[in-house]
Amino acid sequence: MSLRILHVSDLHTGAGKSGAEAGPGPALQTLVDTLKPTLVIASGDLTHRNKPWQHDGAAALLKGPGVPVLAVPGNHDIPFISPKRLLSPWAEFERHWLTTEPTHSTPELHVVGINSVRPWMHQSGGVSRSGLARAVGRLRSGPPGAFRIAVLHHQLVGPPWRSRKKPVAHRNHVLATLADAGAELIVGGHVHQGSVGDRHEFEVVDEGFHSAVVTTVPGLGRPRPHRHGEACGAFLYTPNDASLTVETYLWREQEWGITARRTFARGSGTLA
């Protein structure tokens with residue numbers, strides 16, 4: 001298996017000098033050229049205020065490097081104050097990305113996108129019963145032996161620093177359901193802070209349950225540049241037959257630098 005998945009989130013394109021297009025966004029090409037990912041995952045808040053030109057800019061930024069992209073919407077990717085927020089919330093997002101529940105599938109990699117945005121809520125997210133059932137079906141329908149990833153915008157693991165942003169509603173149920181459906185990696189964003197954990201590190205599971213690594217990636221844009229506790233970076237996931245390695249890349253002083261590397265056992269075993 002030779003897979004490398006680059007995960008970015010929260011570009012906030014259109015947030016002036018603090019959006020990704022004014023900071024690390026243009027350097028995304030450099031990161032892609034260096035890491036040579038198989039796929040780029042973009043887990044929501046691609047825009048700052050859902051303006052058509054912001055969606056155009058975000059799509060150009062993500063598609064520019066020429067690598068396949070799987071994108072899901074965030075709470076900033078729908079109309080802010082407008083009847084369209086309830087009547088047609090996904091119109092601008094789907095103009096570029098076609099669906100809010102995308103799937104990327106190859107014999108080695110099977111990635112399922114989940115829409116966790118609730119238009120009647122400002123920030124809080126959740127996955128409907130029907131949406132979760134669809135995700136389970138799509139996860140299970142992947143090629144045998146493929147590395148399975150579930151992607152949503154709202155975080156499933158809490159950030160290390162204080163945040164008012166709540167994790168996805170009923171996260172224990174959502175996490176367990178996705179893991180039981182075969183997801184070995186479950187990723188999100190939303191809080192602009194990085195966090196990586198293995199299911200066995202925060203949940204007691206019976207013998208035979210497979211591991212699931214759960215991550216929250218730092219934001220690529222910083223709409224609140226003076227707020228403490230909000231990093232700017234990306235994750236790189238590299239699975240092989242026995243393990244999954246997660247690397248943290250942070251944007252500092254106009255360049256990318258790797259700051260952490262963690263390796264987890266796949267399946268129900270332990271690292272050699």
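I searched for cavities and found two of 30 Å³ or more. A cavity here is a set of points, on a 1 Å grid over the protein atoms alone, where a 1.4 Å probe fits but cannot get out; lining residues have an atom within 4 Å of a point. Points join across faces, edges and corners, and a volume is the space filled by probe spheres set on them.

This is a predicted model: local features need pLDDT of at least 70, side-chain atom pairs pLDDT 80 or more, while totals for chains, interfaces and linings use all residues. Numbering runs from 1 along each chain as its sequence is written, and side-chain values use heavy atoms, without hydrogens and water.

I looked at the largest cavity, with a volume of about 60 Å³. I listed its lining: H48, R49, N75, H76, I78, P79, F80, R85 and H122.

I then took the second largest cavity, about 40 Å³. F147, E184, S211, V213, L244, F264, A265 and R266 line it.

Next, the packing. I noted 27 residues in the largest nonpolar core, where L6, V8, L11, L46 and L62 touch the most other members. Such a core joins buried Ala, Val, Leu, Ile, Met, Phe, Trp, Tyr and Cys through side-chain atoms within 4.5 Å; buried means under 20% relative accessible area with a 1.4 Å probe, protein chains only.

I also noted a second, separate core of 21 residues, including L39, V72, I149 and L185.

Conventions:
Buried < 20%, exposed > 50% of the residue type's maximum accessible area, 1.4 Å probe, protein only. 1 Å grid on protein atoms, 1.4 Å probe; cavity = no way out; pocket = protein on both sides within 12 Å on 5 of 7 lines; lining within 4 Å.
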